[in-house]
Amino acid sequence: MNPRPPDYKSGAQPLGFIVWLRRKNYSKSHFAKIAQNYKKMGKRVYNNLSLKSLKSEKDLFRKDAYYKTFLAFLKYREEISDYDAAVMAENQRFRKLISNPGSNADNYTPTDTELLATLRLIKASAFNRFFDFYLALACSGARVAEIADLCNNAHSYKKVQMAGFSKYLKTNVRGTKKSFVIYLPDFVNIQKVSLTYLQHKVLKNNPELLRPKYLRKYFCYTASGLNIPADLIDYYQGRVPDSIQSKHYLSKQERADFFYKDKLVPNFLRLYDEI
């Protein structure tokens, strides 16, 4: 088990979480809201975090703002413990106890047919500059903001050319030693995009287009259907950023490379040929 830093327990260093939060480069308003909610609930929940304390205060997390603060705090615990297995397991129990307060969860996942319809429409339209942006979202599983960052700041990524696909590596993510990798087939071209224009011009005037956020779910559903291990789907989608110093880093990359080339690239190439 990895040694835990001094502020591992939430009560040992009350400002540990706030300092960590400040380093995440959140917007000022988002930072202020989470910090305020954390301070409000610190004595009641975070200073003595346990299943018992969460059960007694469970009703508090029906408010979305408190729920998001709680999730941020769990990420903090994971990072400062260097993703210690015991901490990860304990956090998973916490997450199961405190569910998302949203009663209208959006579980929609687009099909191949729906994705093809959107790609064909974009390709044949005046806003075809977003064609490769949509392709990148569908073929990588990355978040909208991450693909937009790659498109607009490609110089900050290290491109590693593989057989049939490329990996775009970004190190020192948000000032940490964590790294993030985006996998893309060779037929996807990286070019600058404007999310503001996409949101307020393209999508507003073309309601039949798939919203970009759904393509992350599409990738997850597709990868699961191809029997790709769950830990690698998380890796592709950046849910657990890896450290370049981790002893498991190379083995995970090798497995991810193999499955992307062997299963995902052929699947996405088939789809691309149908556009």
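Student: Contact means heavy atoms within 4.5 Å here. With that in mind, what covers the buried residues of α5?

Tutor: This is a predicted model, by the way. The cover over the buried residues of α5 includes α3 (51-56) and α4.

Student: Which residues of α5 are buried?

Tutor: In α5 the buried ones are V87, N91, F94 and L97. They sit on the same side of α5, because they cover an arc of only 115° around the axis. A85 and K96 are exposed on the other side.

Student: How far does α5 reach from its first C-alpha to its last?

Tutor: Helix α5 spans residues 85-97, 13 residues, and reaches 19 Å, close to the 18 Å expected at 1.5 Å a residue.

Student: And what caps the N-terminal end of α5?

Tutor: D84 does that, with a side-chain oxygen 3.0 Å from the backbone nitrogen of A86.

Student: Back to N91. Which side chain does the N91 side chain have a polar contact with?

Tutor: That of E78, at 3.3 Å. E78 is found in helix α4. Leaving out residues up to four places away in sequence, E78 touches Y83, V87, M88, N91 and R95.

Student: OK, on to α2. Which residues there are buried?

Tutor: F31, I34, A35, N37, Y38 and M41. Seen down the axis of α2, these buried residues fall within an arc of 165°, so they line one face of the helix.

Student: What do they pack against, and what's exposed on the other side?

Tutor: The buried residues of α2 pack against α1 (16-22) and α4 (64-80). Over on the other side, K28, K33, K39 and K40 are exposed.

Student: New topic: the largest nonpolar core. Which members touch the most others?

Tutor: The largest nonpolar core has 52 residues, and the ones touching the most other members are F130, F133, Y134, I182, Y236 and Y260. Helix α7 (residues 131-140) gives the most to this core, with eight residues. Apart from it lies another core, of 26 residues, with I34, Y46, L74 and Y76 among them.

Student: What does Y134 touch?

Tutor: Not counting residues up to four places away in sequence, Y134 touches T118, L119, I122, L198, L203, L210, R211, P212 and L215.

Student: How many residues of α7 are buried?

Tutor: 10 of the 10, so α7 is largely enclosed by the rest of the structure.

Student: What follows α7?

Tutor: G141, with a positive phi near 80°.

Student: Last one: K167. Where does it lie, and is it buried or exposed?

Tutor: K167 lies in strand β2 (residues 165-170). It counts as buried because its relative accessibility is 7%.

Student: So what polar contact does the K167 side chain make?

Tutor: One with the side chain of D257, at 3.1 Å. K167 and D257 are 90 residues apart along the chain, with 8.9 Å between their C-alpha atoms.

Student: What else does K167 touch?

Tutor: Besides D257, and not counting residues up to four places away in sequence, K167 touches K158, K159, V160, M162, V181, I182, Y183 and Q253. I182 is also one of the residues that touch the most other members of the largest nonpolar core.

Terms used. Residues numbered from 1 in each chain as written. Predicted model: local features only at pLDDT ≥ 70, side-chain atom pairs only at ≥ 80, totals over all residues. Heavy atoms only, no water. Core = buried A, V, L, I, M, F, W, Y, C linked by side-chain atoms within 4.5 Å. Buried < 20%, exposed > 50% of the residue type's maximum accessible area, 1.4 Å probe, protein only. Helix = DSSP H or I, 4+ residues; strand = E, 2+ residues; numbered from the N terminus. Polar contact = N/O pair within 3.5 Å; in protein donor to acceptor, adjacent residues only side chain to side chain. Arc of directions from axis to C-beta. Expected span 1.5 Å × (residues − 1).
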